[in-house]
Amino acid sequence: MGRLKALGSRLGGMPAKVKAAPKVAEGFYSSPEWRGLVADIKRERGSRCERAGCPTPTHRIIADHIVERKDGGADLDASNVELLCFTHHQQKTAAARAARAQGRTWGGGSKV
C-alpha cells in the first residue's frame with residue numbers, strides 16, 4: 001500500500017489562533033449615575049481593595065457588584081458594591097461565572 005505523501009500539503013497548515021475580541025464594557029458602566037456612585041464610594045471608603053489583608057497598591061481599583069446584575073443584584077445600591085483590586089476582581093468574576101454555569105447564583109463578595 002502506498003503512502004499519501006502529497007496529502008499534507010493539500011490540507012494546509014493549522015489556522016492561526018483566533019484572538020478574542022477585546023472586552024467592551026456594558027453601557028451602564030459608562031453612565032454618569034454609575035460613575036458618580038463609584039466616585040462617592042471611593043471617597044467614603046478609600047480607594048483600596050476591600051478584601052481583608054489585601055496588600056495590593058491602590059492604582060487599579062474596580063467597583064464591583066457583590067451580587068452581579070445578571071444575578072439580580074441592584075444596579076446603583078452602594079451596599080451591593082465592593083472595591084476590589086484587579087486580582088480579586090478577576091477571581092470573584094471567575095467564581096461567579098462558574099456558579100452561573102452550574103445553575104447557581106453567586107451571592108457573596110468574600111467567598112473567594
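Starting at the N terminus, the elements of this protein follow the order α-α-β-β-α. That makes three helices and two strands, as seen in a predicted model.

**Overall picture**
- The protein has 112 residues, and 29% of them count as buried.
- If you look at contacts between residues at least 6 apart in sequence, 62% of them join residues at least 24 apart.

**The strand pair**
- Strand β1 covers residues 61-65, and four of its five residues are buried.
- Its partner is strand β2, residues 81-85; the two run antiparallel and are joined by five bridges.
- Within this pairing, Ile 62 sits opposite Leu 84 of β2.
- As a general point, side chains in a regular strand alternate between the two faces of the sheet.

**The largest nonpolar core**
- This core holds 13 residues, and the members that touch the most others are Trp 34, Cys 49, Ala 63 and Val 81.
- Helix α2 (32-45) and strands β1 and β2 are the elements that each give two or more residues to the core.

**A closer look at Ala 63**
- Which residues does Ala 63 contact, once its neighbours within four places in sequence are left aside? They are Trp 34, Val 38, Val 81, Glu 82 and Leu 83.
- Two of these partners, Trp 34 and Val 81, are also named with Ala 63 among the core members touching the most others.

Definitions and conventions: Residues are numbered from 1 along each chain as its sequence is written. This is a predicted model: local features need pLDDT of at least 70, side-chain atom pairs count only at pLDDT 80 or more; totals for chains, interfaces and linings use all residues. Side-chain values use heavy atoms; hydrogens and water are left out. Buried means under 20% relative accessible area, exposed over 50%, partly exposed in between (1.4 Å probe, protein chains only). Two strands pair if DSSP finds at least two bridges between them. Contact means heavy atoms within 4.5 Å. A nonpolar core is a set of buried Ala, Val, Leu, Ile, Met, Phe, Trp, Tyr and Cys residues joined through side-chain atoms within 4.5 Å.
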